[in-house]
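Colleague: I am new to this structure. Could you show it to me and take my questions one by one?

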Amino acid sequence: MNDNKQPTNLNNTEVVNNDKREMKVENNNNSFIRFLKKSAVQSIIASLLCAIIGLFIGYLVLLIIKPGQANKNFINLIKGFMYSSNKQRRLKYLGTTLTKTAPLILTGLSVLFAYKAGLFNIGAAGQYTMGVVTALYCALVLNLPWYISTLLATIVGGIWGSLSGILKAYLNVNEVISSIMLNWIGLYLGNLIMDNPASWDSVKSETWSLFDAKHANASVRLPNLGLDKVFGGNQYVGIGVIIAIVVAIIIYIVLNKTTFGYELKATGFNRNAAKYSGMHEKRNIILTMAIAGGLAGLSGATLYLTGIMPWYNPANLPSMGFDGISAAFLGGLNPFGTIISSFFITFIIEGGGNLDTTYYSPEIATLITSIIIYLCAFVLFIKTFITKRVNKKIEQTAKKEEK
């Protein structure tokens with residue numbers, strides 16, 4: 001009897017000691033160490049390191065090309081919209097930066113949403129293209145108000161994304177392969193649709209301007225709610241950035257606070273397990289890609305319905321869809337992080353226009369963002385390194401307290 005009880009007592013004592021040790025670790029007075037344990041904090045630190053290293057390498061490139069001009073041009077690049085000494089002009093440049101940030105936020109959210117559900121939406125470029133074409137066709141040819149054009153662009157982008165979802169759900173076709181093919185189909189289909197006298201200026205080889213009264217009226221453009229006056233009279237500033245931020249909040253709530261979001265993530269983690277637990281895994285896959293596509297389609301509308309640029313019927317896919325991948329991963333796959341990373345990427349790209357083209361190409365800004373994107377692949381490695389260092393520090397502190 002006693003022999004049988006002795007191991008139990010020893011085990012209980014060991015458990016109590018372990019509990020006390022854990023309490024000492026948790027009650028560690030070093031609040032900074034506890035702060036570093038948080039996953040969100042580690043993601044931010046990792047992203048900042050990627051950005052700093054990317055900027056440093058970009059500076060080295062400037063040094064290699066023209067050492068005497070490197071310092072001045074690098075400062076001009078990172079100044080972005082603050083480059084101008086005129087306050088009115090700085091506000092105008094800031095407005096342009098925000099206008100171009102809005103679609104990048106939405107394409108980033110498109111990639112993020114699919115990834116959280118276990119899918120990789122590399123087809124955001126095609127979905128974005130279909131959104132652009134739908135929005136411009138509705139505005140220039142059908143002369144529809146902006147809210148209908150935006151809604152239809154979102155729907156068409158969603159349909160385009162759902163095609164990859166259907167192929168994945170019913171035929172087990174990898175969404176990466178199908179969405180890449182749909183990217184090119186969407187591009188050339190969109191170019192054919194835009195080849196219309198009502199929408200296409202054959203002299204300039206681009207779509208008509210939304211500010212041209214002959215082809216569109218003010219109702220087709222995104223409203224600015226007085227933001228044009230706030231940003232130095234920039235007529236292109238609209239409510240796109242407001243829409244993007246609201247959508248980011250909604251995506252965060254859906255993914256983290258709803259049963260629907262849980263089901264989507266569960267399906268992504270393990271499709272078969274989701275099926276046997278009673279979830280509609282095929283429906284969830286299709287819905288995920290449809291929502292991701294809708295976000296990318298909305299992205300196209302929020303940019304081109306401002307009238308900031310025409311559509312040129314490009315031979316290559318627009319970079320916005322691929323830049324969304326960068327924004328999502330640099331933002332730590334968090335909707336709010338994506339907002340910050342999107343602004344940073346746009347800020348750097350726009351800052352490339354401040355470089356002295358006598359010595360440097362503006363594409364150096366794109367090179368810097370590309371390096372940062374590449375470094376994003378090491379975010380997990382950086383987070384793991386931080387976690388190991390933090391845990392080691394906590395253990396050392398706990399041992400000192402025990403003594």
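Colleague: Where does Tyr147 lie?
Modeller: This is a predicted model, where local features need pLDDT of at least 70, side-chain atom pairs count only at pLDDT 80 or more, and totals for chains, interfaces and linings use all residues. Residues are numbered from 1 along each chain as its sequence is written, and side-chain values use heavy atoms, with hydrogens and water left out. Helices (H or I, at least four residues) and strands (E, at least two) are DSSP runs, numbered from the N terminus. By that numbering, the place of Tyr147 is helix 7 (residues 146-171).

Colleague: Which residues make a nonpolar surface patch with Tyr147?
Modeller: Patches are made of residues with over 30% relative accessible area and no salt bridge; like charges are joined within 9 Å, nonpolar side chains (Val, Leu, Ile, Met, Phe, Trp, Tyr) within 5 Å. Accessible areas come from the Shrake-Rupley method with a 1.4 Å probe, and for residues only the protein chains shown count as cover. The patch comes to about 530 Å². Besides Tyr147, its members are Ile148, Leu151, Leu152, Ile155 and Ile159.

Colleague: How many helices and strands does the protein have, and what box do its C-alpha atoms fill?
Modeller: There are 17 helices and 2 strands. Taken along the principal axes, the C-alpha box is roughly 100 × 60 × 40 Å.

Colleague: What percentage of the protein's residues count as buried?
Modeller: Buried means under 20% relative accessible area, exposed over 50%, and partly exposed in between (1.4 Å probe, protein chains only). The protein has 403 residues. The buried part of them is 47%.

Colleague: Why is helix 14 largely enclosed by the rest of the structure?
Modeller: Helix 14 spans residues 320-330. Among its buried residues are Met320, Gly324 and Leu330. The buried residues pack against helix 3 (39-65), helix 5, helix 6 (124-140), helix 13, helix 15 and helix 16 (364-375).

Colleague: Which residue just after helix 14 takes a positive phi?
Modeller: The angle is about 70°. The residue is Gly332.

Colleague: Which residues have the most contacts inside the largest nonpolar core?
Modeller: A nonpolar core is a set of buried Ala, Val, Leu, Ile, Met, Phe, Trp, Tyr and Cys residues joined through side-chain atoms within 4.5 Å. The largest one has 85 residues. Its largest share, 10 residues, comes from helix 5. The residues with the most contacts inside this core are Val247 and Trp311.

Colleague: Which residues does Asn76 touch, not counting residues up to four places away in sequence?
Modeller: Asn76 is found in helix 4 (residues 67-79). Its relative accessible area is 9%, so Asn76 is buried. Contact means heavy atoms within 4.5 Å. The residues touched by Asn76 are Tyr83, Gly351 and Asn354.

Colleague: How many salt bridges does the structure hold?
Modeller: Side chains of opposite charge can pair when their charged atoms come close. A salt bridge is a side-chain nitrogen of Lys or Arg within 4 Å of a carboxyl oxygen of Asp or Glu. The structure's total is 3.

Colleague: How many residues apart are Lys100 and Glu350?
Modeller: Their side chains meet in a salt bridge (3.3 Å, N to O). Lys100 is in helix 5 (residues 87-116) and Glu350 in helix 15 (residues 335-351), so the pair links distant parts of the chain. Lys100 is partly exposed at 24% relative accessibility, and Glu350 is partly exposed at 27%.

Colleague: Is Glu175 buried or exposed?
Modeller: Glu175 forms a salt bridge with Lys168 (3.4 Å, N to O). Lys168 has 19% relative accessibility, so Lys168 counts as buried. Glu175 has 6%, so its class is buried.

Colleague: Which helices hold Arg283 and Glu263?
Modeller: The two side chains meet in a salt bridge (3.4 Å, N to O). The residues are 20 apart and link distant parts of the chain. Arg283 counts as partly exposed, at 40% relative accessibility. Arg283 is in helix 13 (residues 281-304), and Glu263 is in helix 11 (residues 259-269).

Colleague: How many disulfides are there?
Modeller: A disulfide is a pair of cysteine sulfur atoms within 2.5 Å. Cys50 is buried at 1% relative accessibility, and Cys138 is buried at 4%. The disulfide count comes to 0.
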